[in-house]
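Student: I would like to learn how to read the features of a model like this one. Please give the general idea each time, then the case at hand.

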Amino acid sequence: MTVSFEEYAALARQLAEQHRAGEQHAAAESERRRDLHAAADYLQQRLTTQGQRLDQLGRAIDLYQPTSGPASEPGPGRPDEAATWPGPPSGSSPATAAGPATAAGAFAGPGTGDGAPAGAAGVPGGSGAGAYPQVPAGEARLALPTAVSPAGALPAQRAVAVDPAVELELARRMADEADRHGQQAELLAQRPVLLPTWSPLARAVTIYAGCAAAAGVLMLALVLASGVGLVDGFTLGAWICAGLPAVAFFGGYLVLGRWGRPAMVEGAPPRYLPLGFLICFLLVPMAYCAYLLLVRGLR
């Protein structure tokens with residue numbers, strides 16, 4: 001059988017077109033894998049940054065407690081080590097870039113010692129022959145799927161197709177959700193425990209005024225003690241003019257430093273010392289004057 005020149009030329013053109021199509025497919029597959037690697041590396045960096053930020057939040061709210069485990073165990077008890085979030089290494093393939101659980105497509109147990117995964121046969125308590133029927137190499141081509149026998153034999157596992165791009169997109173969405181919750185946690189950490197929704201000035205005025213009111217209650221106790229002769233007039237005047245206002249001022253100062261300070265704040269929060277001094281050293285004597293006017297008015 002002879003082949004004409006035109007038939008040879010048609011075959012050559014067909015082979016050239018197939019070769020070009022193969023090259024284009026290989027180039028597109030290589031570009032897709034590079035994109036998957038870049039997306040996996042970026043996602044791993046995001047997860048590492050999120051882990052470090054969560055460590056800072058844990059230390060700020062006193063949830064970062066050391067543990068007594070060995071030094072080789074990673075965990076939140078090692079403040080000198082940044083948190084490592086699960087992520088694919090930079091040199092991993094696209095199949096493993098989506099994570100160890102999704103890249104395999106099915107569960108793979110510990111190895112059997114000869115380089116092959118154990119599968120269901122590696123489960124503790126299983127028999128040496130494994131949970132699946134073993135087919136000799138010579139009969140592999142003749143083996144047909146069989147139903148589950150009464151003895152409990154299982155059919156062969158089927159590989160699950162995994163799309164790395166879909167898994168990376170799901171991981172990216174979860175990272176976005178984690179960022180959103182992290183921002184909400186940072187906003188809450190920037191609020192103090194005492195009167196969190198108030199402004200710093202209103203909070204300071206309220207705390208100093210409350211401490212001055214508590215000092216006013218002590219002032220009334222001293223006045224009553226002076227009326228029965230337990231406290232002399234000089235001591236009463238010293239406490240009203242200096243002692244109780246100073247106690248109220250330092251009490252408000254300590255309360256602002258302990259419960260009026262946010263968990264995460266850069267620098268020291270304002271405590272408005274001149275305003276607090278003025279409030280405490282004015283309200284206590286004014287409360288005593290108001291008490292005297294009230295007593296004289298009732299008489």
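Student: Is C241 buried or exposed?

Tutor: Buried means under 20% relative accessible area, exposed over 50%, and partly exposed in between, with a 1.4 Å probe and protein chains only as cover. C241 is exposed, because its relative accessible area is 53%. Before going on, note that this is a predicted model, where local features need pLDDT of at least 70, side-chain atom pairs count only at pLDDT 80 or more, and totals for chains, interfaces and linings use all residues. Residues are numbered from 1 along each chain as its sequence is written, and side-chain values use heavy atoms, with hydrogens and water left out.

Student: How many disulfides does the structure hold?

Tutor: A disulfide is a pair of cysteine sulfur atoms within 2.5 Å. The structure holds zero. For C241, the closest cysteine sulfur belongs to C289 and is 8.7 Å away, too far for a bond. C280 is in no disulfide either, with the sulfur of C211 as its nearest, 6.5 Å away. C280 is buried, at a relative accessible area of 0%.

Student: What secondary structure does the protein have?

Tutor: Helices (H or I, at least four residues) and strands (E, at least two) are DSSP runs, numbered from the N terminus. The protein has seven helices and zero strands. From the UniProt record, an unreviewed entry, comes the feature "transmembrane region" at residues 205–224, 236–255 and 275–294; such annotations may be inferred rather than shown by experiment. In the model, residues 205–224 are 100% helix, with end C-alpha atoms 29 Å apart. Residues 275–294 are also 100% helix, and their end C-alpha atoms lie 28 Å apart.

Student: Where is R203, and which residues is R203 in contact with?

Tutor: R203 is in helix 5, residues 200–227, and counts as buried because its relative accessibility is 6%. Contact means heavy atoms within 4.5 Å. Leaving aside neighbours within four places in sequence, R203 is in contact with P192, L194, L195, P196, W198, L256 and G260. For the protein as a whole, residues 24 or more positions apart account for 69% of the contacts with a separation of 6 or more.

Student: How many aromatic pairs are there?

Tutor: A pair of aromatic rings is described by the distance of the centres and the angle of the planes. Rings of Phe, Tyr and Trp (its six-membered ring) pair if their centres lie within 6.5 Å; planes under 30 degrees apart count as stacked, over 60 as edge-to-face and the rest as tilted. The count comes to four. One of them is Y208 with F249, stacked because the centres are 6.0 Å apart and the planes at 10°. That pair links helix 5 to helix 6 (residues 233–258), 41 residues apart. Y208 is buried at 0% relative accessible area, and F249 is buried at 11%.

Student: What arrangement do the rings of F249 and F277 have?

Tutor: The pair is edge-to-face, because the centres are 5.9 Å apart and the planes at 80°. F249 lies in helix 6 and F277 in helix 7 (residues 273–298), so the pair ties together parts 28 residues apart in sequence. F277 is partly exposed, at 43%. Ring pairs link Y208, F249, F250, F277 and F281 into a cluster.

Student: Which ring does the charged end of R271 sit over?

Tutor: A charge sits over a ring if NZ of Lys or CZ of Arg is within 6 Å of the ring centre and within 35 degrees of the ring normal. For R271 the ring is that of Y253, with the charged end 4.2 Å from its centre.
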